[in-house]
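Please keep the sequence and the model in view while reading.

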Amino acid sequence: MNNASHSVRTKWDGRYADRTLNDVKEPTPFLISCLPELPTSGLALDVAAGAGRHAVVLAQRGLQVDAVDISWQGLQLARRRAEQIGGYPGSIQFMVTDLELPWLPEREYDVILVSFFLYRPLFPLIKDRLKPGGQLLYETRVEVVGDHKQSSQRNPFWLEPRELLNAFSEFDIVRYDEGHRRRPGSCQGGITAQLLARKLNVGGDLRQE
Ligand SMILES: C[S@@+](CC[C@H](N)C(=O)[O-])C[C@H]1O[C@@H](n2cnc3c(N)ncnc32)[C@H](O)[C@@H]1O
């Protein structure tokens, strides 16, 4: 791991270190609302999976899940949560890696999920790793700022309005929404973009290869 990776990993390991299974958040309402659209078998990738709140739900749906994150501490929580729940039809493989290399496993996925993580150089890799007909579920924060704010002052970890929609415009957009959402169990929240989209075949149709 290089120095930059090391400091990101230390930061996130520190955040997860004193959390317990009781602190693991519930899956987002967005993921829950998309579940009926997802296959009940096949391969899924949870990008920056953290403490595994979504990887477990995808495995419960029947998918084989690769849960990838830079934080060993986060994935340890995810592993313990998966063990605690147990009895689900899918499986979860945990991988500690720096996604900012940029890197994604060299596999073809039926489903890719990204939740509250943004590293724009991963967009082409996400497109590449999805099978034709595969589904992308993406939700993360959007920064709405006045015209006076220079692009250099923007938060690099937050999207610009409609940025996600434009970045995956060649996909079949099943659902897209930007809006203010309250964090479950909290009076705080923020604006997020939610995208459910399907990768088209080269010819632009939706048939599976
Ligand atoms: C806000 S949390 C979201 C976690 C999870 N997706 C969720 O929704 O609960 C962001 C996650 O990104 C991970 N992360 C940050 N930088 C990373 C990197 N360069 N490579 C891999 N994971 C990274 C952190 O460890 C953390 O688990």
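The model is predicted. The protein chain holds six helices and seven strands, and from the N terminus these elements follow the order α-α-β-α-β-α-β-β-α-β-α-β-β. Its radius of gyration is 17 Å, close to the 17 Å that the globule rule gives for 209 residues, so the chain is as compact as a globular protein of that length. Further values for the protein chain are collected in the table.

| Property | Value |
|---|---|
| Span of the C-alpha trace along the principal axes | about 45 × 40 × 40 Å |
| Buried share of the 209 residues | 33% |
| Share joining residues at least 24 apart, among contacts between residues at least 6 apart in sequence | 63% |

Helix α4 covers residues 72-85. Which residues of α4 are buried? They are Q73, G74, L75, L77, A78 and A82. In an α-helix there are 3.6 residues a turn, so residues three or four places apart point the same way. After α4 comes G86, with a positive phi near 50°.

The ligand is surrounded by 17 residues, of which W12, A48, G50, I70 and S115 are the closest. By class, this shell consists of eight nonpolar, four polar and five charged residues.

Terms used:
Residues numbered from 1 in each chain as written. Predicted model: local features only at pLDDT ≥ 70, side-chain atom pairs only at ≥ 80, totals over all residues. Near = placed C-beta within 6 Å. Nonpolar A, V, L, I, M, F, W, Y, C, P; charged D, E, K, R; others polar. Helix = DSSP H or I, 4+ residues; strand = E, 2+ residues; numbered from the N terminus. Expected span 1.5 Å × (residues − 1). Buried ≥ 20, exposed ≤ 12 C-beta atoms within 10 Å, placed from the backbone. Rg over C-alpha atoms; globule rule 2.2 N^0.38 Å. Contact = placed C-beta atoms within 7 Å.
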